[in-house]
Amino acid sequence: MLSIGIVVLAGLLWLGVLFGSALYAERHPRVLAVQWPYIYALSLAVYCTSWTFFGTVTQAARYGWPLPPTFVGTILLYVFGALLLVRLVRMARESNATSLADLIATRLGKDGWLAATVTLVAALGLIPYIALQLKAVAMSFALLTRSPGNDALPAWQDSALYVALAMAVFAMLFGTRSASAAEHNRGLILAMAFESLFKLAAMLALGVFVWWGLPELPEVPPVQAPPSTTYGFLPLVALGVLAMFTLPHQVHVGVVECRDERHVRTARWLFPLYMVLMAAPLLPLARAGGAMFGDAVPSDLYVLALPLSQGQQGLALLAFLGGLSAATGMVVVSTLTLSLMIGNHWLAPGLLRGGWLRGTGGDLRGAVLAQRRIGIV
């Protein structure tokens with residue numbers, strides 16, 4: 001068990017390092033120019049959320065899948081459908097699109113109501129997804145510190161509330177420093193690449209621990225997936241393909257923030273390699289957790305329970321920070337993207353019709369940034 005103070009301090013320090021990397025990218029753009037194709041490719045791994053750290057282990061435990069089917073779909077898209085992604089990048093650049101709603105509305109007659117509807121659908125889909133990230137961080141925090149579950153606490157003592165507030169602050173720091181949404185956010189992309197490397201390192205460290213750091217465990221027979229899971233596998237593969245086009249944060253990182261379509265060529269091999277490496281420890285983690293804990297520990301928490309059971313508190317803290325990093329990347333980019341869409345397609349049209357421009361002197365930067373901050377919260 002780790003003290004709450006140590007875990008909170010480690011989490012805040014890591015978030016501070018992320019923000020520091022963003023500042024470095026903004027202030028030294030030329031230093032990173034040569035490495036930018038690799039930075040862009042790594043930033044795509046914002047796709048690997050805290051669900052990758054926790055939920056995909058449960059998938060492996062239940063079905064014996066060595067590679068999550070959504071990963072399979074995404075890998076197939078990048079290996080065989082890169083030209084489609086290049087075309088999307090060109091379309092976004094030609095139309096000056098800053099979000100998924102802009103991209104769709106521009107292709108279909110620049111309809112403002114359509115853009116507002118896309119924003120509504122995106123919000124309805126992403127808010128539960130964001131909630132899952134917060135829940136995952138809260139659950140892992142409770143296990144690591146042996147604090148009571150949040151269901152037994154009043155709302156003001158719920159750790160997920162404070163995680164949400166901290167992430168809102170960091171989303172504002174990352175995404176509301178400039179009023180122009182058309183400028184490429186180098187700081188955000190470098191921070192996402194940095195957090196992608198960190199969570200990969202944490203997952204591989206867990207894999208090394210499972211392969212060589214655990215005592216001899218009883219042999220667990222391989223999972224015999226029921227025949228129906230074959231039919232469940234293929235829709236999830238399709239979902240992995242569609243995620244690149246339908247998740248607003250993925251479109252933002254992969255399409256809107258792509259500075260050069262040639263960078264997609266680098267992502268074509270580097271991003272699939274990243275996903276294979278991220279998935280490699282999942283099945284060993286699932287089998288080791290099943291052999292050691294059975295049903296006594298939820299399989300979502302094997303990544304923390306296994307090192308804790310062997311007194312490896314440092315590794316458990318690293319795994320927690322990996323999950324926190326994965327959740328933070330998704331939440332920051334998602335809330336930033338949603339805030340852009342809400343501001344551009346919900347708030348601004350109504351304010352303009354209400355005479356918002358009068359009395360501003362033509363300088364709308366403060367109002368635009370305020371809209372985005374409201375959207376993030």
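At 43% relative accessibility, Y38 counts as partly exposed. This is a predicted model.

Biologist: Is Y38 buried, exposed or partly exposed?
Modeller: Buried means under 20% relative accessible area, and exposed means over 50%. Y38 has 43% relative accessibility, so Y38 counts as partly exposed.

Biologist: Where is Y38 found?
Modeller: Look at residues 36-43. They form a helix, and Y38 is found there. The helix is α2.

Biologist: At what angle do the axes of α10 and α13 cross?
Modeller: Helix α10 spans residues 186-212, and helix α13 spans residues 263-279. Their axes come within 9 Å. The crossing angle is roughly 35 degrees.

Biologist: Which residues in α13 meet α10?
Modeller: From α10 come S196, K199, L200, M203 and L204. By class, this contact has six nonpolar, one polar and one charged residues. On the α13 side are Y274, L277 and M278.

Biologist: Is M91 buried or exposed?
Modeller: M91 lies in helix α6, residues 82-95. The cut-off for buried is under 20% relative accessible area. M91 has 15%, so M91 counts as buried.

Biologist: How far apart in space are M91 and R107, C-alpha to C-alpha?
Modeller: Leave aside neighbours within four places in sequence, and M91 is in contact with L103 and R107. M91 and R107 are 16 residues apart in sequence. In space, their C-alpha atoms are apart by 8.8 Å.

Notes: Residues are numbered from 1 along each chain as its sequence is written. This is a predicted model: local features need pLDDT of at least 70, side-chain atom pairs count only at pLDDT 80 or more; totals for chains, interfaces and linings use all residues. Side-chain values use heavy atoms; hydrogens and water are left out. Axes are lines fitted to C-alpha atoms, for helices over the stretch in contact, and angles run from 0 to 180 degrees between N-to-C directions. Helices (H or I, at least four residues) and strands (E, at least two) are DSSP runs, numbered from the N terminus. Contact means heavy atoms within 4.5 Å. Ala, Val, Leu, Ile, Met, Phe, Trp, Tyr, Cys and Pro count as nonpolar, Asp, Glu, Lys and Arg as charged, and the others, Gly among them, as polar. Buried means under 20% relative accessible area, exposed over 50%, partly exposed in between (1.4 Å probe, protein chains only).
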